[in-house]
Structure formats: C-alpha cells, structure tokens
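Subject: Structure for you to look at

Hi,

Here is the structure I promised to hand over. Please open it alongside this email; my notes follow below.

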Amino acid sequence: SFGYSKESSVLNGINLDIKSGETIALVGSTGSGKTTVIQLITRFYNPTSGSITIDGVDINDFEIDSLRSQIAFVDQNVRLFNDTVKGNIALGQTDSMSDEKIQHAAKVSNATQFIEKMDNQFDTEIGEDGTKLSGGQRQRLAIARAIAKDSPILILDEATSALDSATEKQVQAAIDEMQKNRTTIIIAHRLSTIQKADRIIVLRQGNI
C-alpha cells in the first residue's frame, strides 16, 4: 500500500507477482496508480506498508545505485544531452563501453538508418536535448541507450505515445526486440503497445 500523505491512499494492498522474463502491462485511467507502482519499484518512494522484492530480496536491502543499474527505463519524455550520438547511447560510459556494443544497440533500436545519414555518424553532435533530431529519432536513441545498458528489468512508460503511427511502428519494432529475455513492465494507453503482453493488469482507484 502507498499514500503520498496519511489522508490520501494511492495504492490499496496491491499484490502482484511478476515472473522473470514476463511482460506485464499496467493500464487504467489517470490517477489509478500506474506510475506510482513504477516509482515504488525504482525506489523514488517507499511503500507505506508491505514490501517489494526482487528474487526474494527486499529492494531496500540493495544499494540504490545497484538497484537502478538493474533497471532500464524509457518514457515519452526523452532526455538527451549536448553530446554525440555515441555519448548519448553510452550515457556516461563512453570510455568503458565498446563501439561494437553501441552500434549493436543502435541497430536493434532501428536507429542506425538515420545515424548513418549524419555527417559524422556516431560522432555527430545532436545539440542541447537532441534539438537536431525528430521525435521518432529521439525515442529510438532512448531505446538504444536502454539496450546498451543491458539491464534485466525494463520499464516502458508511454514510450510511444508522442509519435505518429508510422514512426510508432518503427519504435515498437525496436521495443519488441529489446524485450526479449527481459522482465518488462509497460504503462500504455494504446492497445497496440500492450497486445503482446503476457498479462494485462488493470488498476482502478489503487486496486487491481
């Protein structure tokens, strides 16, 4: 259970067991508690009561950096940096991440096709917050970053909601590829993004 204050309850005795490698979709109207579930898993907040465990270990027993290193997160609000394409995919690990791994992540995310058309390809500067890129290109770079991070848990929060239908198909294909062999939690409103999920969990007023 969780509430942002003693007077307001957001989640009421949620009981959810997600198997390793399973894809779960969380759906529900605004305010139903979907995003709160994600914020609890990533430890931006702690449950008011009860616990969250990974492989039977309470997430509060992990170092926060260790916990978050196991989770790759992609949402609709892509955050890019005034750096090269390579630097944005590696996200602070440019020195330790091989070019092969970066290029593989770009290929799986369907980003290679537009990167190779750039003047300096992976060494191209993309401007503050990726201003030189389209919405679909930004989203595919965010997915490439998540693939390069190679975490066992993947969280997608409305990852394709800001895209037109043609671009969404490209991005969704990249997401489908990325989900293989990962435990995935998806928050989405569009049926197209959740129809391949193993289970769809409907939240209503903090209850399943």
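What percentage of the 208 residues in the chain is buried? The figure is 46%. Bear in mind that this is a predicted model.

Overall fold first. The chain has 7 helices and 7 strands. Starting at the N terminus, the order of elements is β-α-β-β-α-β-α-α-α-α-β-α-β-β. Along the principal axes, the C-alpha atoms fill a box of roughly 55 × 35 × 30 Å. As for contacts between residues at least 6 apart in sequence, 74% join residues at least 24 apart.

Helix α4 covers residues 99–108, and helix α6 covers residues 135–149. Two packed helices are described by the angle between their axes and the distance between the axes. Here the axes come within 8 Å and cross at roughly 130 degrees. The two helices are therefore oblique to each other. Their crossing is right-handed.

Which residues meet there? From α4, they are Lys101, Ala105, Ala106 and Val108. From α6, they are Ala144, Ile147 and Ala148. By class, the residues of this contact divide into 6 nonpolar, no polar and 1 charged.

Best wishes

Definitions and conventions
Residues numbered from 1 in each chain as written. Predicted model: local features only at pLDDT ≥ 70, side-chain atom pairs only at ≥ 80, totals over all residues. Heavy atoms only, no water. Axes fitted to C-alpha atoms, helices over the stretch in contact; angles between N-to-C directions. Helix = DSSP H or I, 4+ residues; strand = E, 2+ residues; numbered from the N terminus. Parallel < 35°, antiparallel > 145°, perpendicular 65-115°, else oblique. Left-handed = near helix turned anticlockwise from the far one by under 90°. Contact = heavy atoms within 4.5 Å. Nonpolar A, V, L, I, M, F, W, Y, C, P; charged D, E, K, R; others polar. Buried < 20%, exposed > 50% of the residue type's maximum accessible area, 1.4 Å probe, protein only.
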